[in-house]
Amino acid sequence: ITDARRRIFRRYYERLSPLQKKGVIQLPPEDIECTGNGHMFYIITRSLGERTSLIQHLKAQHIHAVFHYVPLHSSPAGAKYGRTSGDMTVTNFISDRILRLPMYYEMRDEDIERVSHAVETFF
């Protein structure tokens with residue numbers, strides 16, 4: 001399963017790298033000394049509005065992509081019980097822009113191609 005997820009991760013990375021080179025998205029960092037388990041693939045858009053529009057664009061093509069998380073300090077329980085140190089600028093920046101693309105170990109190359117193409121056509 002891990003090998004399949006890593007293959008899918010690499011294929012997404014290859015397909016979407018041109019968009020990163022153009023400066024319209026960010027991809028996960030490439031670290032040749034660290035190999036992840038490929039459990040998810042995400043992109044980082046330039047703004048919350050852009051991410052929201054991209055989610056709608058993908059949804060119209062029956063592609064389910066979701067934002068990753070609400071930071072703990074922004075959640076109701078976090079606001080009530082939690083503590084932060086600093087203004088959480090980086091956390092908030094990423095939280096507003098990160099988008100998880102469909103990722104499951106049985107994805108075929110055609111599935112990755114369809115999702116990647118839909119992202120490309122948006123930009």
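The following conversation concerns the fold and selected residues of a predicted protein model.

Reader: What does the secondary structure of the protein come to?
Author: The predicted model contains five helices and three strands. Along the sequence these elements follow the pattern α-β-α-β-α-α-β-α.

Reader: And the overall dimensions, what box do the C-alpha atoms fill?
Author: Taken along the principal axes, the box is roughly 45 × 35 × 25 Å.

Reader: How many bridges join β1 and β3?
Author: Four bridges join β1 and β3 in the antiparallel sense. Within this pairing, F41 has L101 of β3 as its bridge partner.

Reader: And over how many bridges do β2 and β3 pair?
Author: Strand β3 spans residues 98-101 and pairs with β2 over two bridges, again in the antiparallel sense. Here V66 stands opposite R100 in β3.

Reader: Let us turn to E50. Where is E50 found?
Author: E50 lies in helix α2, which covers residues 48-60.

Reader: Is E50 buried or exposed?
Author: E50 is buried, because its relative accessible area is 13%, and the cut-off for burial is under 20%.

Reader: What is E50 in contact with, leaving aside its neighbours within four places in sequence?
Author: E50 is in contact with V24, T45, F122 and F123.

Reader: Now the backbone. What is phi of H62?
Author: H62 has a positive phi of about 60°, although H62 is not a glycine.

Reader: Where is H62 found, and is H62 buried or exposed?
Author: H62 sits in the loop between α2 and β2. H62 is exposed, as its relative accessible area is 71%.

Reader: What about phi of M88?
Author: Phi of M88 is also positive, near 60°, and M88 is likewise a residue other than glycine. M88 belongs to the loop between α3, residues 76-81, and α4. At 24% relative accessibility, M88 counts as partly exposed.

Reader: Back to the whole protein. What percentage of the residues is buried?
Author: Buried residues make up 34% of the 123 residues.

Reader: How much accessible surface does the protein have?
Author: The accessible surface comes to about 7,900 Å², and 53% of that surface belongs to carbon and sulfur atoms.

Reader: What share of the contacts comes from residues 24 or more positions apart?
Author: Among contacts with a separation of 6 or more, residues 24 or more positions apart account for 73%.

Reader: Finally, the charges. How far apart are the mean positions of the positive and negative charges?
Author: There are 17 positive and 14 negative charges, and their mean positions are 6 Å apart.

Key:
Residues are numbered from 1 along each chain as its sequence is written. This is a predicted model: local features need pLDDT of at least 70, side-chain atom pairs count only at pLDDT 80 or more; totals for chains, interfaces and linings use all residues. Side-chain values use heavy atoms; hydrogens and water are left out. Buried means under 20% relative accessible area, exposed over 50%, partly exposed in between (1.4 Å probe, protein chains only). Contact means heavy atoms within 4.5 Å. Accessible areas come from the Shrake-Rupley method with a 1.4 Å probe; for residues, only the protein chains shown count as cover. Lys and Arg count as positive and Asp and Glu as negative; His and the chain ends are not counted. The place of a charge is taken as NZ of Lys, CZ of Arg, CG of Asp or CD of Glu. Two strands pair if DSSP finds at least two bridges between them.
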